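Biologist: Hi! Could you walk me through this structure as if I were new to all of it?

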Amino acid sequence: MHFKGIELKEFSIPFVGLANKKYTFNYHIDKKFFDNFEFSPVKDGDLAVKLTFDKQDAVFILDFDLKGNVELTCDLCSDSFSYEISKSSRAIIKLSGNEMEDTDEILYLENNSSELNVTQLIYEFISLAIPLKRVHPSDKDGKNSCDPEAIKLLNKISVNSDSNKNIDPRWESLSKLLN
Ligand SMILES: [Zn+2]
């Protein structure tokens with residue numbers, strides 16, 4: 001987990017001067033957000049992110065509540081489909097005077113910082129909320145709901161590439177010897 005990376009202005013929390021209590025921030029995530037991440041598995045979406053920011057002296061507890069849909073590309077037919085996300089994620093951020101290695105549980109921010117940017121955190125939590133294997137969900141009869149035309153086309157391509165396999169001539173003569 002990282003929170004340093006891409007920083008969009010609207011996701012900055014100027015915490016200096018804030019009293020020690022809980023604050024709520026609401027963000028809307030859409031295509032414009034994902035456009036900032038070149039290798040994002042998500043290119044489009046419509047998500048509401050509610051952040052509860054619990055400010056204490058040298059530690060901040062951030063609870064993210066992600067709700068909405070993202071557009072994913074199917075691994076099988078490369079058509080897009082909508083995937084629903086409803087997830088809560090927590091990040092703990094500590095202020096430190098020393099260079100500290102982030103862990104999975106705790107992230108460190110230099111103690112002379114005056115603001116915290118949550119762009120990268122939101123991106124990483126969304127990435128963690130989507131499945132590793134991205135395929136069209138099955139319909140109510142349990143059938144795969146991929147684009148049938150695209151699947152037909154893909155099958156054709158793979159059959160053709162099998163039958164036209166170019167055999168290295170050295171292997172060809174070797175296989176003749178073996179036969
Ligand atoms: Zn599909």
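Predicted model: local features only at pLDDT ≥ 70, side-chain atom pairs only at ≥ 80, totals over all residues.

Biologist: Okay, what does the secondary structure of the chain come to?

Modeller: The chain has 4 helices and 7 strands. Starting at the N terminus, the elements go β-β-α-β-β-β-β-β-α-α-α.

Biologist: And what share of the residues in the chain is buried?

Modeller: Of the 179 residues in the chain, 17% are buried. As for contacts with a separation of 6 or more, 62% of them are between residues 24 or more positions apart.

Biologist: Now the sheet. Which strands form it, and in what order?

Modeller: It is an open sheet of 5 strands, ordered β2-β3-β4-β5-β6, with mixed pairing.

Biologist: Which strands stand at the edges?

Modeller: Those are β2 and β6. Each has a single partner strand, so one side of each has no neighbour in the sheet. From one strand to the next, the twist averages 25°.

Biologist: Remind me, what do strands of a sheet pair through?

Modeller: Strands pair through backbone hydrogen bonds, and they can do so in a parallel or an antiparallel way.

Biologist: How many bridges are there between β3 and β4?

Modeller: There are 12 bridges, and the two strands pair in the antiparallel sense. β3 and β4 also make a hairpin, with 3 residues between them.

Biologist: And how many bridges join β4 to β5?

Modeller: 15 bridges, again with the strands running antiparallel. The hairpin of β4 and β5 has 6 residues between the strands, and Ser-78 in that hairpin takes a positive phi near 55°.

Biologist: Switching to helices: where does α2 lie?

Modeller: α2 lies across β2, β3, β4 and β5, and it runs at about 55° to β4.

Biologist: Which residues of α2 are buried?

Modeller: Thr-119, Leu-121, Ile-122, Tyr-123, Phe-125 and Ile-126 are buried. Their cover includes β2, β3, β4, β5 and β7.

Biologist: What about the largest nonpolar core? Which residues touch the most other members?

Modeller: That core has 26 residues, and the ones touching the most other members are Val-49, Leu-62, Phe-64, Ile-93, Val-118, Ile-122 and Ile-126. At least two core residues come from each of β3, β4, β5, β6 and α2.

Biologist: Which element gives the largest share?

Modeller: β4 does, with 6 residues.

Biologist: Last one: leaving aside its neighbours within four places in sequence, what is Val-118 in contact with?

Modeller: With those neighbours set aside, Val-118 is in contact with Phe-3, Phe-11, Ile-13 and Leu-51.

Biologist: Great, I'll go and find those on the screen. Thanks!

Key: Residues numbered from 1 in each chain as written. Core = buried A, V, L, I, M, F, W, Y, C linked by C-beta atoms within 7 Å. Buried ≥ 20, exposed ≤ 12 C-beta atoms within 10 Å, placed from the backbone. Contact = placed C-beta atoms within 7 Å. Pairing = 2+ DSSP bridges. Axes fitted to C-alpha atoms, helices over the stretch in contact; angles between N-to-C directions.
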